[in-house]
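Welcome! Please take a look at the sequence and structure shown here, and then read on for a short tour.

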Amino acid sequence: ITPAHDPNDYEVAQRCDLPMINILNVDGTLNAEAGSYQGLTVHKARKRIIEELEELGLVADIEDREIDLAHSDRSQTPIEPLLADQWFVKMDQLAQNAMDAVTDGRVKIIPERYAKGYLDWLGEKRDWPVGRQLWWGHQIPIWTRQFQTPAAAKAEMERLAELPLCKQGGMRWALEAPGVVHVSIRDEGTTAQEQLTAAGYERQSDVLDTWFSSALWPHSTLGWPEKTPELQYFYPTSTLITSRDIITL
């Protein structure tokens, strides 16, 4: 099975602790894991595999079938799943808070029967992948730098810890082995961005997904994070009207 390239296989691999072997490059060609098919596009590799199976006399039959094949809305081409590093929001406590608000009556879902679907969905407490590889959107406010040794990365974290912005809570950092340091900044437009760039950090090119961005938009138009009169007037709200097909989202 192909856990790195199929959602169902991915679920099986997680349950069975199987390796996630990626055979694709981001441009849609096959990488070195594909052996002699390296450099071919997925479409050309499939054709060559069929040809080689026929040459070996291993093809018993080929028939046409209509299948439900997911296509991209933008390119109108088949989607080829690719395993890649993504940014996630940890959802265990966030989901529990949202569930508690419904179960204790602070939030009422009308009609009441939809509360079960809401609670069932949140009950899975799956971490939320918020990163998207798109050309537009709210860019994720995280800067990254690769260090040659773990010792160098550790020294960098010690340097960051002494910065006034870190001590004031305006900057946070995390270490990702081997030797990759991620830094996030609370307030954009500060000199910290220029300082990180000058120090060799690169900002993440991923943008936040649509649901995450749409949740930020109404707050930001009312002056958030400042406590403006507009924000105080409109938030928190008392009623949310939503389409029933997206209540789980």
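Strands β4 (residues 142-146) and β6 run antiparallel, joined by five bridges. Within that pairing, R145 has V181 in β6 as its bridge partner. This is a predicted model, so keep that in mind as you explore.

Strand β5 (residues 171-176) is also antiparallel to β6, and six bridges join the two. In β6, I185 stands opposite M171. A hairpin is formed by β5 and β6, with three residues between them. In the turn sits G179, whose phi is positive at about 75 degrees.

| Strand paired with β6 | Bridges | Direction |
|---|---|---|
| β4 (residues 142-146) | five bridges | antiparallel |
| β5 (residues 171-176) | six bridges | antiparallel |

Now for the wider view. The protein chain holds nine helices and eight strands. Its radius of gyration is 24 Å, well over the 18 Å that the globule rule gives for 249 residues, so the chain is more spread out than a compact globule. The C-alpha trace spans about 75 × 55 × 35 Å along its principal axes.

Of the 249 residues in the protein chain, 23% are buried. The chain exposes about 18900 Å², with carbon and sulfur atoms supplying 55% of that area. Among contacts with a separation of 6 or more, 52% come from residues 24 or more positions apart.

Terms used. Residues are numbered from 1 along each chain as its sequence is written. This is a predicted model: local features need pLDDT of at least 70, side-chain atom pairs count only at pLDDT 80 or more; totals for chains, interfaces and linings use all residues. Side-chain values use heavy atoms; hydrogens and water are left out. Two strands pair if DSSP finds at least two bridges between them. Helices (H or I, at least four residues) and strands (E, at least two) are DSSP runs, numbered from the N terminus. The radius of gyration is taken over C-alpha atoms; the globule rule is 2.2 Å times the number of residues to the power 0.38. Buried means under 20% relative accessible area, exposed over 50%, partly exposed in between (1.4 Å probe, protein chains only). Contact means heavy atoms within 4.5 Å. Accessible areas come from the Shrake-Rupley method with a 1.4 Å probe; for residues, only the protein chains shown count as cover.
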